[in-house]
Structure formats: structure tokens, C-alpha cells
Amino acid sequence: MRVVVVGSAGSFAGPDGPASCYLVQAEDGSGRTWSVVLDLGNGALGALQRHVDPFALDAVAVSHLHPDHFVDLCGLYVYRRYHPEHGSVRHPGLAPLALWGPRGTARRLADAYGDGAAAPDVDSTFAVRTWEPARPTRIGPFVLEAFPVEHPVEAYAVRVTGPSERGLGMTAVLTYSGDTDACDGLVAAARDADVLLCEAAFVEGRDTVRGVHLTGRRAGEAARDAGAHRLVLTHLPAWNEPATALAEAGGVYDGPVAVARPGDVLAL
């Protein structure tokens, strides 16, 4: 299992890359490559095409419905519906793409596209399914689990279990925090994870509001408390210094810590 960081900017696309988007890939026993996207924030669809054909995606999993995590689904809708060679308008038999998200995902996507009446078209392009915590979802060689976390809207951390690149028959675990403040759900999702891909949008002492985002320190505490083997910080706004988040996390977590950057490939 490998993770390509497509976009890692927090809250809006930054000068160095798009907002949140992570491509998770692995091969099954027959050698077929499966591709799942975690979040598709503003600016991400363009960069995603450098790594995978959007028609080759097997699923999209959305952590929550803030624009920096879902809004480029509008572009993916256009791509899969109106592509002149492969789109569903010319090929009505094209299967809808599996899309996992919070309650109201189809309605929010239709509204974001600009016309609430487009909901039937959304349904023909995406097979929208609602997260059910504690109910694992299998997509090819992956198992996805959603854990409710603390954010102003319904939000989930996503735990992905899949084939490990360490050897045949071995498994690995990626936990993606989505957006959250410190909470039990995040620690449960990250328990013994090989990689905790964790937001760190806030800075200690500067951002004092609670219930929205983690700081580097609180991300490090979550990794420590969960026993995660490796911490990768993400969702840093353009005005944050990555070194600050790294120092905060490293002060409370003894494992390896890095900052996610577009184009990074994490092998698990």
C-alpha cells in the first residue's frame, strides 16, 4: 500500500499545491491496481490527473463536507459525465463511481455544482454511500473504517487497512485524521497505525479556539496515545511555518515525524 500526497494545504489551496487529497493504491492478488482517493479538495482534481486516470478510480472517500475536502467532486462529476470519449453521456453503461461520505453528501454536491435539480445526475455519476461508524467497508484489497471526530460539521477519521509493501501476506494501516480537534475517535482510529496522516492546522498559543483543528502538539499527542508508528503532519495553511508544527509534534511524540508535501509517496 502506498499513499501519494496530491494536496496537503489547509483550508484553501496554497501556492505550493492544492487542498486535501490523498491517493491510496495497492495491488490485489491478481496484480490489479486499486485506487482510492481520500478527500478531493479545491484544486486537487488537476494534480490528481498527474498520478491516475480519473476513470481508473475505484472509490472516493470524503471525510467531511467543507469545500477544502470535497469541492473538486464537482469537477470529477463533469469529467466522468461529459468526457468526449469515455463519459457517461456517450456511454450510459458506465458504472457510477463509489463515493463514501457523511450524511447529505449527494445533496451538498448537487448544491455546490450550482443546481439542486442536478441531484439525479449526481446519482447517475456517483454511487453515494453514507459512512456507518464501526461498519468496515471493503474496496478491493482495502478495508476502510470511519471514526467520528470533533469538528464543527459531521466529520470522520478514516482508517485504511491494506496490503503492506513489506512482504507478501502482510498488512499495513493508514489513518487519515480528516479535520478534527483532539478526541477519543482520533486515537481509536490511529491505534497501532503504521502511518498517522494527521492535520495540524493550528499553532499552540496563537489559535486558541477549540473543537476545530489540531496543533502540531495535539497531533503528536494523538500519535503517542494511539501508539502510531509514524506521524505525517498535513493540512497546514499557507501562513503556517512547517518547522513550527514539526517542533510541536516532536516535543511530545518520539517516533518519526514529517510534513506532507504534494508529490510525496508514503510506502506502508
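1. Asp181, Glu204, Arg210 and Arg218 are joined in a network of salt bridges. A salt bridge is here a side-chain nitrogen of Lys or Arg within 4 Å of a carboxyl oxygen of Asp or Glu. Over the whole structure, the search finds 13 salt bridges.

2. The model is predicted, so local features need pLDDT of at least 70 and side-chain atom pairs count only at pLDDT 80 or more, whereas totals for chains, interfaces and linings use all residues. Residues are numbered from 1 along each chain as its sequence is written, and side-chain values use heavy atoms, with hydrogens and water left out.

3. Helices (H or I, at least four residues) and strands (E, at least two) are DSSP runs, numbered from the N terminus. Asp181 counts as buried because its relative accessibility is 1%. Buried means under 20% relative accessible area, exposed means over 50%, and partly exposed lies in between (1.4 Å probe, protein chains only).

4. Arg32 forms a salt bridge with Asp58, and the closest N and O atoms are 2.7 Å apart. Arg32 lies in the loop between β2 and β3 (33-40), while Asp58 lies in the loop between α1 (44-48) and β4 (59-61), so the pair ties together parts that are 26 residues apart in sequence.

5. Glu27 counts as partly exposed because its relative accessibility is 33%.

6. Helix α3 (residues 73-82) contains Tyr82, and Leu73 is also placed in helix α3. Is Leu73 buried or exposed? Leu73 is buried, since its relative accessible area is 0%. Tyr82, at 42% relative accessibility, counts as partly exposed. The C-alpha atoms of Leu73 and Leu99 are separated by 9.6 Å, and these residues are 26 apart along the chain.

7. Tyr82 also belongs to a nonpolar patch on the surface, formed with Val78, Val89 and Tyr113, with about 340 Å² of accessible area together. Patches are made of residues with over 30% relative accessible area and no salt bridge; like charges are joined within 9 Å, and nonpolar side chains (Val, Leu, Ile, Met, Phe, Trp, Tyr) within 5 Å. Accessible areas come from the Shrake-Rupley method with a 1.4 Å probe, and for residues only the protein chains shown count as cover.

8. The axes of helix α7 (residues 216-226) and helix α8 (residues 242-250) come within 7 Å and cross at roughly 40 degrees. This makes α7 oblique to α8, because angles under 35 degrees count as roughly parallel, over 145 as roughly antiparallel, 65 to 115 as roughly perpendicular and the rest as oblique. Axes are lines fitted to C-alpha atoms, for helices over the stretch in contact, and angles run from 0 to 180 degrees between N-to-C directions.
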